[in-house]
Amino acid sequence: SAAGQDPGVFLSLIMSQVENETPAEEKAIKTSTINSTDEITPDESSSQAPGAAAAAADHNAEAKRLAEEKATQKAKEQQARIAEMKALEEEAHKLLNVPEETIKSMSEGLIGLNEEDITKIADKLHALQNAQTALIERLAQEDRKVMTLPNMAEVAQALAHVPLYTRKLEDMRKDMDAITNRVKGMRKRAAKLYTKKQQEDNSAAQRRQAELLQEKRTNAAAAAEQSL
């Protein structure tokens, strides 16, 4: 909408709303004033004592005065709000209504402040672009030289077999790793068998020695019996 695009229209809408609104407190004061003035009618005042009627009249006058003072204060506050909103509206218009010459001068000043740096950056970019172009041309020339070599077809064929040789080498390395693991396992088993065989040999030697000792004792006992 226009109010969403122009801050001046938005401020005008707020001012009109402030001017048209009636504070709830002011309405309540006016209502209470009317009710207080209506509390005592001529018929009731004639039926009451003169002192009570005078007190009621004073009370009504005081209430009316207080209501008028509050209404006046509210009106002053409302006028102050309207003046503040008008000042904000004028300030918004001043900020939005920037002359075209001012904008042009600011743009030229900003460009003037950064013109030297921009020129240096542009020169560096141009030099970099020229260097990249020369490098690309040189690489293209070297590529053409390589492609026109006499034995380039054989070299290309040999290079084409490189991935195959690489895969074969990887497979051989896997096989060697598997063989190495198997050899390590066999060495562990051989060490265990060697230890077990030594234990068995020691046990057999101890048994053989015990049998020989027992046999000697038996022979010695038999010889002693024969000599008797």
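Biologist: Why does lysine 188 count as exposed?

Modeller: Lysine 188 has a relative accessibility of 60%, and since exposed means over 50%, buried under 20% and partly exposed anything in between, with a 1.4 Å probe and protein chains only, lysine 188 counts as exposed. This is a predicted model, in which local features need pLDDT of at least 70 and side-chain atom pairs count only at pLDDT 80 or more, while totals for chains, interfaces and linings use all residues. Residues are numbered from 1 along each chain as its sequence is written, and side-chain values use heavy atoms, with hydrogens and water left out.

Biologist: What makes Arg182, Lys184, Arg187, Lys188, Arg189 and Lys192 a patch of positive charge?

Modeller: Patches are made of residues with over 30% relative accessible area and no salt bridge, where like charges are joined within 9 Å and nonpolar side chains (Val, Leu, Ile, Met, Phe, Trp, Tyr) within 5 Å. Lys and Arg count as positive and Asp and Glu as negative, while His and the chain ends are not counted, and the place of a charge is taken as NZ of Lys, CZ of Arg, CG of Asp or CD of Glu. By these rules the six names in your question gather in a patch of positive charge on the surface, and one of them, lysine 188, is found in helix α7.

Biologist: Which residues gather in a patch of negative charge?

Modeller: That patch on the surface is formed by Glu170, Asp171, Asp175 and Asp177. Aspartate 177 lies in helix α7, residues 152-227, and because its relative accessibility is 43%, it counts as partly exposed.

Biologist: How many helices and strands does the protein have?

Modeller: Helices (H or I, at least four residues) and strands (E, at least two) are DSSP runs, numbered from the N terminus, and on that basis the protein has seven helices and zero strands. Read along the sequence, the pattern is therefore α-α-α-α-α-α-α.

Biologist: Why is the pair of arginine 65 and glutamate 69 called a salt bridge?

Modeller: A salt bridge is a side-chain nitrogen of Lys or Arg within 4 Å of a carboxyl oxygen of Asp or Glu. The closest N and O atoms of arginine 65 and glutamate 69 are 2.5 Å apart, so the pair meets that rule. The two residues are four apart in helix α5 (residues 50-96), which means that about one helical turn separates them. Arginine 65 is partly exposed, with a relative accessible area of 36%, and glutamate 69 is partly exposed as well, at 43%. Glu62, Arg65 and Glu69 are linked in a network of salt bridges.

Biologist: What makes lysine 120 and glutamate 116 a salt bridge?

Modeller: Their side chains meet at 3.6 Å, N to O, so the value falls within the 4 Å limit. These residues are four apart in helix α6 (residues 100-147), and about one helical turn separates them. Lysine 120 has a relative accessible area of 47% and is therefore partly exposed, whereas glutamate 116, at 55%, counts as exposed.

Biologist: Where do lysine 197 and aspartate 201 lie?

Modeller: Lysine 197 and aspartate 201 are four residues apart in helix α7, separated by about one helical turn, and their side chains meet in a salt bridge of 2.7 Å, N to O. By the salt-bridge rule, the count for the protein comes to six.

Biologist: Which residues make the nonpolar surface patch?

Modeller: Ile121, Leu125 and Leu128 make this patch of about 300 Å², the accessible areas coming from the Shrake-Rupley method with a 1.4 Å probe, where for residues only the protein chains shown count as cover. Leucine 125 is found in helix α6, and because its relative accessibility is 53%, it counts as exposed.

Biologist: How many of the protein's residues count as buried?

Modeller: Of its 228 residues, 7% count as buried.
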